[in-house]
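Open the model in your viewer and keep the selection tool ready.

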Amino acid sequence: MNNITQDIIQAIEGGEVGRIDSLLETLFLKETPEVQYEIYELLLQYGYIQQAKRVLEHLRFLFPDEAQISIDYASVLIELGEEDEALDILFGIDPSTPEYPQCLLLLADYYQMQGLYEAAEKRINEALELLPDEPLIQFAKAELLYETGRFPEAARIYENLHKKVKEIAGVLLAERLAEVYRAGGGFEKALDYYMEALEEKVTADLLYGSAYSAFQCEKYETAIRQLEDLKELDPDYFSSYLLLAQSYAMLEDNEKAYSVIKEGIKRDEYEKSFYLFAGKIALKNKLPEEAIEHLKKAVELDPEYMEAILVLMLVYHQMERYDDIIELYEKLEREQFEWVSLSPFVADAFAKNEQYDRAYEIYKSAYNELKDDPSFLENYCYFLIEDGKREEAREVVQRLIELQPTEIQWLDLLDSLE
């Protein structure tokens, strides 16, 4: 190895960009093309894309007809955002060269990055026609199928590759199969492959994926084991806290579930779903005031968080806190957030506070959208009767009869309104 080669390797490993730049010209003069190509690969490995480009430009000058160098150069140009020149080079590669399948794969990769999936698949299929048994091309096809949601097709290819090798292109196939089956809803198989992958390496994503799959398979103890391990490995893997709390809740260990979600809130105080779950589980632990505080926080983080708003309304209604219902409704009104599903709670709250005109206004405005909801109609008709609006009450009762023709009580109620 010449001194110049040693010097440039040291500069690359030491991150001395200026020194690399100054040594390249000497490298071109004193080293063989083979060594220059090795330096290109090292530069690429360390992320010196511009310097790698310079080496390839020199090699292309020396070997203008060398397909491999042209393909490598096109790849670097794509990395640098110079796609037009890269595509010109790739389209100029002779289809009869042995490197042509590699050219097709690079084109497919480019099209895939651009979201042009049909064009990408066409190129991969062309490559497969030339080399049908090449694992890298098969893997590229599986990756495309996976990205476009064609999970069963992707799984078949991954399975075939998995029978021959554990890893390809730096991807552990058991991990990829776990991800594919999980994405496609095949949680039992996903869990098996996650466990296999975890024998090869332990990462936070693998532990979470295995726990999520176990949860979906109703294997809550397994999910808890995986998530407790994940907490130890990475306490800041925030999404693990909600899944762990949900797993404890499924085993009816509500105190532990509440403890875990509160721990999650301390880690990530801006995750609205944590507060929603904390509110729900606080109710199960008979802590309504704490539940309200959590739910209010969820709504504070997202004023249009529909599920949290609905649960909060339900809690207020159960606790007969009608002023709070009205206050929340008026706040939503000021923010121009309208949701008709809240109308029954709000109308009832106004009625209980003897604000009958407001109650009537809300009932009436919600009628068209909720006229298929027997519970709403029942409350509305009794309100109308008490408010002396018997003709309107008859109309609502007739709608109830249409929805529930076998319910004698509505026929009797209609008769009483004659």
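Start with helix α4. This is a predicted model. Select α4: its 14 residues reach 20 Å from first C-alpha to last, close to the 20 Å expected at 1.5 Å a residue.

Now colour the buried positions of α4. They are I49, Q51, A52, K53, V55, L56, H58 and L59.

D21 sits in helix α2 and R54 in helix α4, so the pair ties together parts 33 residues apart in sequence. Buried or exposed? D21 is partly exposed at 29% relative accessibility. R54 is also partly exposed, at 25%.

Move along to F61, still in helix α4 (residues 49-62). At 67% relative accessibility, F61 counts as exposed.

Next, go inside. Nonpolar side chains tend to be buried together in soluble globular proteins. The largest nonpolar core here has 105 residues, and I261 and M313 have the most contacts inside it. Centre on M313. Beyond residues up to four places away in sequence, M313 touches I325, L328, Y329, L342, F345 and V346. A second, separate core has 48 residues, among them A52, V55, Y111 and I137.

Select S213 in helix α13 (residues 204-216). S213 is buried, with a relative accessible area of 0%. Leaving aside neighbours within four places in sequence, S213 contacts R182, F187, A190, L191 and Y194.

Then pick Q226 in helix α14 (residues 220-233). Q226 is buried too, at 8%. With neighbours within four places in sequence set aside, its contacts are M195, L198, L207, S210 and A211.

Finish with charges. The whole structure holds 29 salt bridges. Zoom to D387 and K389, whose side chains meet at 2.6 Å, N to O. D387 is partly exposed at 27%, and K389 is partly exposed at 23%.

Now select R399 and E402, a salt bridge with its closest N and O atoms 2.7 Å apart. Both lie in helix α24 (residues 390-403), three residues apart, about one turn of the helix. R399 is buried at 18%, whereas E402 is exposed at 55%.

Note on methods:
Residues numbered from 1 in each chain as written. Predicted model: local features only at pLDDT ≥ 70, side-chain atom pairs only at ≥ 80, totals over all residues. Heavy atoms only, no water. Helix = DSSP H or I, 4+ residues; strand = E, 2+ residues; numbered from the N terminus. Buried < 20%, exposed > 50% of the residue type's maximum accessible area, 1.4 Å probe, protein only. Contact = heavy atoms within 4.5 Å. Expected span 1.5 Å × (residues − 1). Core = buried A, V, L, I, M, F, W, Y, C linked by side-chain atoms within 4.5 Å. Salt bridge = Lys/Arg side-chain N within 4 Å of Asp/Glu carboxyl O.
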